[in-house]
Amino acid sequence: MSNQIQNIPIAKPWVGEAEAAAASRVIMSGWLTQGPEVAAFEQEFATYVGAKYACAVSNCTTALHLALLAVGVQPGDEVITVSHSYIATANSIRYCGATPVFVDIEPQTYNLNPLLIEAAITDLTRAILVVHQIGMPCDLKAILAIARQHSLPVIEDAACAIGSEILWEGQWEKIGQPHGDLACFSFHPRKVITTGDGGMITTNNPDWDQQFRLWRQHSMSVPDTVRHGAKQVIFESYPMLGYNYRMTDVQAAIGREQLKRLPEIVAQRRYLAERYHQTLADIPELKLPTEPAWARSNWQSYCIRLSARCDQRQVMQAMLDAGISTRRGIMCTHREPAYQQETWSCGIDRLNCQCKPGRCDRLIESEHAQDQAILLPLFHPMTEAQQDQVIRCLAEVV
Ligand SMILES: *Cc1c(COP(=O)(O)O)cnc(C)c1O
């Protein structure tokens with residue numbers, strides 16, 4: 001028994017009695033969805049990131065869908081984004097009937113390379129959807145300069161970036177203020193704080209915020225909270241097509257408890273990331289992640305890159321055999337069967353495009369990152385002993 005393997009997961013949410021009590025409080029209150037807890041969570045979230053408005057929705061994918069609709073993305077339009085992201089990013093563009101135009105990433109930050117945007121802009125471009133990948137802020141300053149020049153709105157996929165910061169006019173500011181036009185967050189358990197599932201859209205534009213509140217509830221003209229307290233009979237109407245993208249009050253109550261834990265979660269993740277930096281720096285087969293001078297990650301994931309001499313699958317399998325879960329680098333959406341050639345573009349005339357299934361010359365850094373990177377376990381309740389176990393195992397395996 002003494003040499004029993006202690007399994008280490010890739011991630012684990014930090015939830016406990018406080019969240020259980022909050023959920024119970026909502027259940028006993030008798031008001032279970034899009035009520036007072038959602039309203040309070042929105043306020044507290046907006047205050048935390050420094051945005052004027054925050055609208056809670058069912059998840060980050062629906063948040064992205066509504067954000068794209070708000071800036072006017074329509075069937076036939078193009079939206080510039082990255083392939084190297086969770087598939088939800090590009091899927092949200094396709095929900096609008098638009099075409100994702102994929103540009104490549106910077107190999108160091110795994111984020112959209114601003115130098116490649118200009119060449120991807122056409123008459124059909126309607127928006128730019130950037131990602132703060134695994135919590136690392138993308139180069140918003142450079143991206144916004146190009147976007148403003150072309151009058152294109154910028155939506156931030158901040159699914160993983162709650163608590164990340166960017167240096168803005170000499171001050172450290174939270175991602176989601178937003179610095180672009182809209183930012184979308186996820187509360188899936190794989191992210192930094194969780195409500196089970198859940199999402200949030202932040203903006204400083206009151207018209208968009210009002211629009212989101214209609215859309216998330218089938219565009220119903222009078223929300224239930226108003227009808228419930230009314231002394232007079234009210235008949236609601238449905239002036240336009242809407243959706244059911246509501247967050248429940250049970251989720252929101254859990255989210256409010258998670259927000260209280262967030263500063264401690266981010267501090268601990270930064271501490272553990274720094275420990276990885278210090279201890280892994282001596283292993284020549286590894287390339288460690290770096291923060292640009294203007295970025296502070298929340299370290300939603302710790303992504304290392306293996307040298308060409310290492311086999312990604314073998315390294316991951318050897319670690320799994322030792323009870324340690326890892327994940328390969330972020331996926332490339334354009335390599336998935338759901339993304340047949342006609343559903344996306346790499347920014348050149350499709351008739352002349354030489355791309356093959358699973359291979360695109362213009363997305364070479366994205367493909368290398370998927371094939372060479374692995375994500376190491378990193379979560380708030382992780383002990384130093386567990387982290388040492390990961391470090392020792394990785395050193396042996398490579
Ligand atoms: C997780 C994730 C999403 C999707 O979030 P859900 O809340 O699960 O819909 C979108 N974009 C990125 C970059 C993500 O990591």
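Axes are lines fitted to C-alpha atoms, for helices over the stretch in contact, and angles run from 0 to 180 degrees between N-to-C directions. The model is predicted, so local features need pLDDT of at least 70 and side-chain atom pairs count only at pLDDT 80 or more, while totals for chains, interfaces and linings use all residues. Residues are numbered from 1 along each chain as its sequence is written, and side-chain values use heavy atoms, with hydrogens and water left out.

**View 1. Helix H1 against helix H9.** Helices (H or I, at least four residues) and strands (E, at least two) are DSSP runs, numbered from the N terminus. Helix H1 covers residues 17-29 and helix H9 residues 249-280; their axes come within 8 Å and cross at roughly 150 degrees. H1 is therefore roughly antiparallel to H9; angles under 35 degrees count as roughly parallel, over 145 as roughly antiparallel, 65 to 115 as roughly perpendicular and the rest as oblique. H1 passes H9 in a right-handed crossing. A crossing is right-handed if the near helix is turned clockwise from the far one by less than a right angle, and left-handed if anticlockwise. Contact means heavy atoms within 4.5 Å. On the H1 side the contact involves Ala-18, Glu-19, Ala-22, Ala-23, Arg-25, Val-26 and Ile-27, and on the H9 side Asp-249, Val-250, Ala-253, Ile-254, Arg-256, Glu-257, Gln-258 and Arg-261. By class, the residues of this contact are eight nonpolar, one polar and six charged. Ala, Val, Leu, Ile, Met, Phe, Trp, Tyr, Cys and Pro count as nonpolar, Asp, Glu, Lys and Arg as charged, and the others, Gly among them, as polar.

**View 2. Helix H10 against helix H12.** The axes of H10 (residues 312-321) and H12 (residues 384-397) are 10 Å apart, at an angle of about 135 degrees. This angle makes H10 oblique to H12. The crossing of H10 with H12 is right-handed. Val-315, Ala-318 and Met-319 of H10 make the contact with Val-390, Cys-393, Leu-394 and Val-397 of H12. Seven nonpolar residues form this contact, with no polar and no charged ones.

**View 3. Helix H3 against helix H7.** H3 packs with H7 (residues 206-215) at an angle of about 130 degrees, and their axes are 10 Å apart. The two helices are therefore oblique to each other. H3 passes H7 in a right-handed crossing. Leu-66, Ala-67, Leu-69 and Ala-70 of H3 meet Trp-208, Phe-212 and Trp-215 of H7. The contact of H3 with H7 has seven nonpolar, no polar and no charged residues.

**View 4. The largest pocket.** On a 1 Å grid over the protein atoms alone, a cavity is a set of points where a 1.4 Å probe fits but cannot get out, and a pocket is an open set with protein on both sides within 12 Å along at least five of seven lines; lining residues have an atom within 4 Å of a point. Grid points are joined across faces, edges and corners, and a volume is the space filled by probe spheres set on the points. The volume of the largest pocket is about 620 Å³. Its lining has 31 residues, and Tyr-86, Cys-160, His-188, Arg-190 and Lys-191 are the closest to its centre. At least two lining residues come from each of helix H3 (60-70), helix H4 (88-95) and strand E13 (327-328). H3 gives the most, with three residues. The lining of the largest pocket divides into twelve nonpolar, 13 polar and six charged residues.

**View 5. The cavities.** The structure has two cavities of 30 Å³ or more. The largest cavity has a volume of about 90 Å³. Of the 17 residues that line the largest cavity, Lys-12, Pro-13, Lys-191, Val-192 and Arg-269 lie nearest its centre. Nine nonpolar, four polar and four charged residues make up the lining of the largest cavity. The second largest cavity holds about 70 Å³ of space. Its lining includes Gln-108, Tyr-110, Ile-134, Trp-299 and Cys-303. The lining of the second largest cavity has six nonpolar, six polar and no charged residues.

**View 6. Two loop residues, Ile-134 and Pro-178.** Ile-134 lies in the loop between strand E4 (125-131) and helix H6 (140-149). Phi of Ile-134 is near 45 degrees, a positive value in a residue other than glycine. Pro-178 is in the loop between strand E7 (171-174) and strand E8 (182-186). The peptide bond from Gln-177 to Pro-178 is cis, with omega near -15 degrees.
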